[in-house]
Amino acid sequence: MPAEVFNHATLSALFRYWDEKRSGRAMPARRDIDPIEIGPRLLPHLMLCELVDRGSRIRFRLVGTLLVKRLGYDPTGKWLSDLPKS
């Protein structure tokens with residue numbers, strides 16, 4: 001992991017959460033991630049996506065408020081293929 005991650009408060013906190021939840025695996029399982037547990041400090045920065053049909057389709061399950069602000073719209077519940085093309 002690049003040193004910059006550990007010098008950034010939000011990224012460092014997110015990495016610690018992710019690392020704890022993966023329990024030595026490559027990544028945590030969906031059941032290991034709890035948006036309520038993540039809390040209001042990190043949640044606005046995050047996006048949780050669901051891979052469907054063996055990953056060929058992606059649905060946005062949760063999109064943090066800071067990401068929504070940057071995008072200019074809320075893709076929560078929408079499919080990647082349905083989003084406006086830039």
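**Salt bridges and overall build**

Arg25 is partly exposed, with a relative accessible area of 32%, where buried means under 20% relative accessible area, exposed over 50% and partly exposed in between (1.4 Å probe, protein chains only). The side chain of Arg25 meets that of Asp32 in a salt bridge, at 2.5 Å from N to O, a salt bridge being a side-chain nitrogen of Lys or Arg within 4 Å of a carboxyl oxygen of Asp or Glu. This is a predicted model, in which local features need pLDDT of at least 70 and side-chain atom pairs count only at pLDDT 80 or more, while totals for chains, interfaces and linings use all residues. Residues are numbered from 1 along each chain as its sequence is written, and side-chain values use heavy atoms, with hydrogens and water left out.

**Overall build**

- The protein has four helices and two strands, where helices (H or I, at least four residues) and strands (E, at least two) are DSSP runs numbered from the N terminus.
- Read along the sequence, these elements follow the pattern α-α-α-β-β-α.
- The C-alpha trace spans about 35 × 30 × 25 Å along its principal axes, and 26% of the 86 residues count as buried.

**Helices H2 and H3**

- A search of the whole structure finds five salt bridges, one of which joins Lys21 and Glu37, with the closest N and O atoms 2.8 Å apart.
- Lys21 lies in helix H2 and Glu37 in helix H3 (residues 35-38), so this pair ties together parts that are 16 residues apart in sequence.
- Lys21 is buried, with a relative accessible area of 16%, whereas Glu37 is partly exposed at 44%.
- Ala13 lies in helix H2 (residues 9-22) and counts as buried at 8% relative accessibility.
- Leaving aside neighbours within four places in sequence, Ala13 is in contact (heavy atoms within 4.5 Å) with Arg41 and Leu42.

**The strand pair**

- Strand E1 (residues 47-52) and strand E2 (residues 57-63) run antiparallel and are joined by six bridges; two strands pair if DSSP finds at least two bridges between them.
- E1 and E2 form a hairpin with four residues between them, and Asp53 in the turn has a positive phi of about 55°.
- Glu50, which counts as partly exposed at 26% relative accessibility, stands opposite Arg59 in E2.
- The side chains of Glu50 and Arg61 meet in a salt bridge at 3.4 Å, N to O, and this pair links Glu50 in strand E1 with Arg61 in strand E2, 11 residues apart.
- Glu50, Arg59 and Arg61 are linked in a network of salt bridges.
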